[in-house]
Structure formats: structure tokens, C-alpha cells
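I opened this entry to keep track of what I looked up, chain by chain. The notes follow the order in which I went.

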Amino acid sequence: MLRRRAFLTTALVGLNAGLILPNLFVRALAQAQADGSRPAPAAGGNRVLVIVQLAGGNDGLNTVVPYQDGRYYTVRPTLAIQPDTVLPLTAELGLHPALTALADLWTAGRLAVIESVGYDHPSLSHFEAMDIWQTADPERGRRSGWLARVVAGAVDNQGHPLGAVALGTHLPPALCCPPQGATLIERPETFRLATDPQHPDVEAARRRALERLYRAYRPPAPYAALFETTATGAAVSLAQLHQALATYRPAAVYPTTPLAHGLRLFAALIAAGVGLRVGYLLQGGYDTHAEQAHAHANLLRTLGEALAAFWADLVAQGHGDRVLVLTWSEFGRRVAENGSRGTDHGTAAPLFLLGGRVRGGVYGAPPDLGRLDPNGNLRFETDFRSVYATVLEKWLGADAEAALGRRFPLLPVLD
Amino acid sequence: MPTRRKVITTIALAGLGAALTLAEAAAPVQRPLTAWEEFGHLLRRAGFGAAPGEIEAAQALGWEGAVDRLLEYTAVSNQDLEARLAALALDMRNPADLQRWWLLRMAYTARPLEEKMTLFWHGLLTSSLAKAPAPFLFRQNQFLREHALADYGTILKGIARDPAMMRWLDIAGSVRGRPNENYARELLELFTLGVGHYSERDVQEAARAFTGFTVDRAGQVVFHPPRHDDGLKTILGRTGRWGPAEVVDIVLDQPAAAVFLAQRLLRFFVRPDPPADSVVAVAQTLRTSGLSVKAALRQIFLRPDFRAPGAYRRLIKSPAEYVAGALRQLAAETDGVGLPAMLTQMGQTLFAPPNVAGWPGGPAWLNTTTWLARLNFANWLATDRRRVRLDPAAWFPAGRMPADPAAFLDGLAQRLLAGPMGAGQRAILLAFAAEVGGDPADRFDRWGRGLVYLLLALPEFHLA
């Protein structure tokens, strides 16, 4: 009876406060609840993919440090992470000490490092490289994001309005174009129907009229189905989001950073069982051309602590096995540091996968500092689309070949 | 399990106690349009909707006269707009100021088709703040406005020398021997012919013609003869030492170019699925007029299918059209601070299309997030008493706001929808006004603002 109770509560809150559920589309909410009682879609079950984009180009060499490689210490006189401070993963590689929070995940075998991820003829432009990663197309012929095709189709055919949620001010291209199927939330506080500040008492009548006006707009009026789906989706997702947040009791203490707040929101949606399949959020600031050491350590600390809290929370709530986190950045950075104690745009870099079904470990060989390209950048070993294909096929149960245009070798990183 | 769902639906409806009566259902327009509706339609499509008085003025000119006045906009003074913008002292190096500047132009211009066509070009010949600074985009915007109705060859030749475009599609820095194919490919694929009407070889050869240019920080285009490939090139079957301008001529000589442009114009101005005979007719006009955009538009607006019921409210407004239209139709006074951010929430950051293909448009404009953002803009417009000044008296020909909610509503709908409401809609809105009542000291403030919000929220108002 949980569903029924949740429905009644939501409807009630909406009618009384008029702030959460725009009591408009109760009919649609009932429909969504009815749909929710159907069997889950076969593809991918109820698994969740959370993507954390490290925007600006994360310095891979200082994230997963080749702490036995003398060449690394030679070309990074001021920026190199000293061997005695790294968190050793293998005999050759160790994590930046600011990532201490991830140590438990590593020990538990739930953190995977994919080394030297990239693609041929890499672009050193932020814009182009992001575009390439988001559309999964180094040839730049595709317009739609690598997840848009999946979100709109195979992953969730149940029409859960919160099936794909991106946090921020722009819908990430990975989920875009066409943007149907993904919900963008800048801040939960502003993800509402705004009211007349002068006359809050008018709101209930306004909502009622709005509801009736939209219900009266029916086929064959132009785009009637689109308006119904859209307004309904808005009503349901407003109700679900705010109810999920209002009732959520995290089992871990989250840091007060925006990144951690975003992950907490995803944890709340996962716990609420509202059909979240893809969550997307971004941590900016990785374009560390100058005075990198301090800034980069702060970024990694923020990342590690947010992920660790998210992970602890999910595990405590019993959702660890349902969630996979993927981090990515548009490129790594130049192997040699520059004259401003920073690093310029580079190429291949490691990325992280973490989750209850991840087979922990390092995949791929450590970066080869003796075999750089003419720009002094690392050569890639694992095509980023192999990572995507693995996630699509092994995690989301989607057709990776259809989504990416061709087959890529899968990585044995997921159980 | 349709049965089960239907039962739940019925229960939920009954529980609300607001069962839908047949009279409330909106019907699409099947009857012939009234003259008022036709002129309202023209001003929505060729502009951003009618400011108070504009439908009346257009009607007085007759259809052809109104179309010509829209097209011959250089004869219309835009002095008031320029003075209004100058007073804001905007800084065009700042993206938000640049975006405000353009949005306010759309809302307050006396030459609506000029801004509408500039918006059309921005969506077709895209460039973005992602790769060029705001002053470059400002310059491009002015170029597109200046040549908004020119022949397509002039526009394409100019845009290939435009600093923002040169950065966006990598003409800048492309050198002989290793030409960058980005611009050449999009010229053929997205700007003129479409896939299937050229070969990869044509892309490679055309790319050679665009080598040798750079753009400096100030936006100056510099030509470096040694970096330019002046060798023989074969493009679409024609061989010569072609440079950028000749490539445009060769490409536009292809029959597919006129068809392509006709389709784009018809989709933007008439309906998403233009019938084949319209495409053929407009393409023919383009071919015989040297690809004159003005000639094509004149024909489009004069063709009967432009104002046939099948075209009526068949387009979904872009966020810019929705926002500028609401401001314009209500003659709302605002400096526009905050509007660019609202537009972004609606899925359209001006000067930053999602990719080189521009905004996908159509149904893609509407989703949960963007719909909320549109309604929240409507709320801002209707209720932010500090940032927006509304003068309800100006909406009525008599210059006075009617005291009676019914008369107020009918007049406002005539403005905003450019036509009558359905009987069901009218009943719902009047019930709302009666329920919330008025403030004796200020009739407008409660039910008046509420009605403005609800009309802007109506599905019909999201359609052009």
C-alpha cells in the first residue's frame, strides 16, 4: 500500500499547500502510479548510471600517479606528487593523496581505474573535445548525445519523467538533441511553478484554472498529446522530486559542496524509486593552466569526499548494487608542466568507474611517458567508446552498437 | 492493462470534483479564419505577435499592403528602439548584455520581420559563444540583420568572412596542405544542399578554397597568400582555381540549393511539413530571382496555404518568440535583466546553439523543464511589479481598462490569442476571476494579473 499512500500524500500536499504538486494533473499522477505497478522494463532492470563530468580537462597524471616513473618526476619538477604521499593502487600507480576518501572503495574492490582513455587524433580544444565525448564521435558528424538515444528509447519506456535527470543550467549535450526524456534541474528550490509574490492566496485558484485549461485542450487541437505529456510530466516530476527530498534521510554525512548536494539529490531519487536511470552532474574548474597544485588538490578532495559519501549512503540504504558512477573529462593534461606551475591541454587520461557491481582494479597499462606524441602528450590505449559500450551494454542493457554506430571491445569491468 | 488504468483515471477525476464537460474541450480551427485571426497569424509568423494597434494597422493596409509593409521595413523608422537600447548602456563584451539587447529588439522593434529573419539566419548559419567572444557574435548578428532579406549568395559570401563563423567552423587557421574541412562540409551539408547532393571529394576540394585566413583578437580577418591553396580544384564537377566566393557560386548553382532554402523558409514560416507544391513554387521563385530571400518570403506570405487552417498554430514558438511575443503583445516595459537566464532555462541560449545544426525546434522545445521555465517567465511578466511595468489601459482601444472581468478577458484574449477563446476556456477563466475577486483600490492587481498569467500559459499561446 506504500504506493497508494504516497499518492494520497502527494495529492493532499498539493491541494493544501499548492506549492508542491500543481494539483493540475492528478489524473496523470494516478496514471503514472498505475504504470509504476507494472513490471519493470526488461532492459537494464532498475540500474542507475550516474555521470560526473570533470569539466576543463582533469590532470590524469596527478590523479592516478605513476609514482615509480622517474620521467614523471623529471618533467614535473614542482607539480609531481611524491611517492611517499600517494595512495598506492599497484606497484606503479597510486591515487593523489586528496582522494583519500576513495580508499575504502578501493579496498572493497568497488573502484576501477581505466587507464589512458582517449581517441585517435585528439582535439586539444575544450569545446571540440567535449563535443566528441558527449556525442561519442571523434569525426564530429553526430549531433545527438550518446545517452540521448538511449534515454529516449531503450532504457525506460515507462515514461518516468525523472528517468534521466541532469543538474545544472544547461542540458548536457550527452542527453540532448532532441532533449526529450531528460529533465534539467538547476536547483530544487527553483524547480517549481512560481507564484504571485503579492497575492499568494490567489495561487490555489490559479492552479485549478491552469489544470482545467490544460485538460480542456484535447485532440484534435494541435500538439494536444505533446502538451498533455509535458504538463503531466512536469506535475509528476515536481511532486516526486519534492516528496523524495522532503522525506529523504541520508545514511551518510554529505559534504556541503554543490557536487555532494547533487549526489545527495540523486540518492534521494534512487531511494524514492521514481525510476531514475541516468543522473548527470558536473564539477568544473579542472582547466589548471597555472598554480595547479593547490587548486587541483581541492578539486580532487571535493570529488573524492562527495563520491565517498554518496557511496556510503547508497550501500547503507541497500542500493549499492544498483548504481554505477562514471567520471570523465574532455582530456588530460600535458605531460610536462609549464612555466606557470600548471599544465596545458593534453590527451589521454584515466577515468573512474565505481559501484557495487564494479570489479575493482586498474585496467590498461600505466601511461607510457617514453612514447609521447609530437605535442608532448600521451597516446591513448582504450577508446572512450569502449567504456561507453561497456556501460551501455553491460549496465543499461542497451544496444551499444546501435547507440555508438559500431562495435567496440567491452571491458571486463562489471560483474 | 488499459482497463485498470481507465478505472484509476476515472476515480482520480471524480475525486477532484472537476469533471470535464464537453463544452470545455478546445477544438482546432476548422472554420475559415476571421480577418482578425489571419492578420494576427501573419504578425506572429512574420514577427513576434502584434503589439497593441498593430493588427488594426495591418488590416487597414489589406493583406498585400500589410505583407509589403513587413517586407519593406527599411522604410520604417526604428528610432524609438535604438533610443531605448542606447539608454540601457549595454556592454556588448558581456554575453548577457548582448542577449538582452537582441531579445529587447525582438520585443520592441518597429521592423518585426527584420528581427525574425535575423533569428532565422542565426538558427541556420549558426555560430556560438563557445568558440568566439561576444563582440564577434554581435558583429555577426549585425551582418545577418543588415542582409536579412538579401540574396543567399551575398549572405553566404559574407558569412564566410565573418570572424565568429570563421572561428566557429575553423576557417580561421586553415592552411594549404592540411585544410580544415569543417566549414566546407557544413556549407554543403547544412547551409545549402544537404547530404546526398555532394561527395566527400567535393568537401575536400572546397575546403582548399577556404585556406589562408586568420582572425586576430580584435576580429580582423587577415589573408596570408602563402597559406592559401590557389591550385586547381574540382567542385561539383567544375574545375578552376576557385576561391571562397566562387565556391559559393558553384554550390548555389546546384538545383538542390533553391529547394533546400525553400524548405527551410517554409518550415520556419508556415508549417513543419510543407506540401511539395509549396516547395516547388518557392524554389522556382528563388531560382528566377537570383535566390532573393525577399522574393521568396513575399510569395510565401501571399500563398493561400500560408493562412490555411492546416498552417494555423502549427508551429511551436521558440523561447525567443515566446518571450519577445509576450512582452510585445502586452506592451510590457522592462529592461530585460534576467531574461537571458530565463531563456536558457527554456532551452535556448541566444548566440549559443547546442551545435552547428542549430536548435532542433518543433516539439523538442517542450519538455518538463522548459515548460516550467515558460510558465515561470509568464509569472514573472505578470507579477514582478518592480521589473515589469504593465499598463492594462493600453490594451484596450478605448484607452481604459474595463471594470468588468468578462470585458477585460475578451479584450485581452483578442490581444494575446488574436482571436476568440473557446467557450470552455472563457468559462474557466471567468470562474477564476470570480473566485479570486478584486482589490477595490486596484482592480487589475488580483484577477487581472492572474488572467494575464493564465492566458500566457495556455497551450495556444505557445503556438505560433
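Which residues touch the most other members of the largest nonpolar core? I found two: Leu175(A) and Leu454(B), in a core of 267 residues. I keep in mind that this is a predicted model.

**Entry: around Leu454(B)**

I listed what Leu454(B) touches, leaving out residues up to four places away in sequence. From chain A I noted Arg206(A), Ala209(A), Leu210(A) and Leu213(A). From chain B I noted Leu429(B) and Phe432(B).

**Entry: confidence in chain A**

I checked pLDDT next. Chain A averages 87, and 87% of its residues score at least 70. Residues 1-43 of chain A are another matter: pLDDT stays under 50 there. The model still has 81 contacts beyond four places in sequence for that stretch. Where pLDDT is low, predicted coordinates should not be read in detail. I left those contacts alone.

**Entry: chain A overall**

I counted 12 helices and 12 strands in chain A. The chain has 415 residues, and 56% of them count as buried. I also looked at contacts with a separation of 6 or more. In chain A, 73% of these are between residues 24 or more positions apart.

**Entry: strand β6 of chain A**

Is β6(A) covered or open on its faces? Both faces of this strand, residues 164-167, are covered. Ala164(A) and Ala166(A) are buried on one side. Val165(A) and Leu167(A) are buried on the other.

I then traced its partners. β6(A) pairs with β7(A), residues 182-185, in the parallel sense over four bridges. Within that pairing, Ala166(A) has Leu184(A) as its bridge partner. β6(A) also runs parallel to β8(A), residues 278-283, joined by three bridges. Here Val165(A) is bridged to Gly279(A).

**Entry: the three-stranded sheet of chain A**

I moved to an open sheet in chain A with the order β2-β4-β3 and antiparallel pairing. One bridge I picked out links Pro66(A) to Leu93(A) in β4(A).

**Entry: a cis bond in chain A**

I went through the backbone angles. The peptide bond from Pro219(A) to Pro220(A) is cis, with omega near 5°. I located Pro220(A) in the loop between α7 (203-216) and α8 (224-247) of chain A. Most peptide bonds are trans, and most residues other than glycine have a negative phi.

**Entry: positive phi in chain B**

I wrote down two leucines with positive phi. Leu236(B) has a phi of about 50°. Leu236(B) sits in the loop between β3 (233-235) and β4 (238-240) of chain B. Leu291(B) has a phi near 60°. Leu291(B) sits in the loop between α14 (276-288) and α15 (293-302) of chain B.

Is each of them buried or partly exposed? Leu236(B) has 18 C-beta neighbours inside 10 Å, so I call it partly exposed. Leu291(B) has 22 inside 10 Å, so I call it buried. The cut-off for buried is 20 or more.

**Entry: Val76(B)**

I found Val76(B) in the loop between α3 (54-71) and α4 (79-87) of chain B. Val76(B) counts as partly exposed because it has 15 C-beta neighbours inside 10 Å. What does Val76(B) touch, not counting residues up to four places away in sequence? I got Ala110(B) and Arg111(B). Val76(B) and Ala110(B) are 34 residues apart in sequence, yet 7.0 Å apart in space, C-alpha to C-alpha.

**Entry: chain B overall**

I counted 21 helices and four strands in chain B. Buried residues make up 49% of its 464 residues. Of the chain B contacts between residues at least 6 apart in sequence, 70% join residues at least 24 apart. I put the C-alpha atoms in a box along the principal axes and got roughly 80 × 50 × 50 Å. For 464 residues, a compact globule would have a radius of gyration near 23 Å; chain B has 24 Å, which agrees.

How values were computed: Residues are numbered from 1 along each chain as its sequence is written. Chains are lettered from A and ligands numbered from 1 in the order in which they are written. This is a predicted model: local features need pLDDT of at least 70, side-chain atom pairs count only at pLDDT 80 or more; totals for chains, interfaces and linings use all residues. The radius of gyration is taken over C-alpha atoms; the globule rule is 2.2 Å times the number of residues to the power 0.38. A residue is buried if 20 or more other C-beta atoms lie within 10 Å of its own, exposed if 12 or fewer, and partly exposed in between; C-beta atoms are placed from the backbone. Two residues are in contact if their C-beta atoms, placed from the backbone, lie within 7 Å. A nonpolar core is a set of buried Ala, Val, Leu, Ile, Met, Phe, Trp, Tyr and Cys residues joined through C-beta atoms within 7 Å. Two strands pair if DSSP finds at least two bridges between them. pLDDT is the predictor's confidence in each residue, from 0 to 100.
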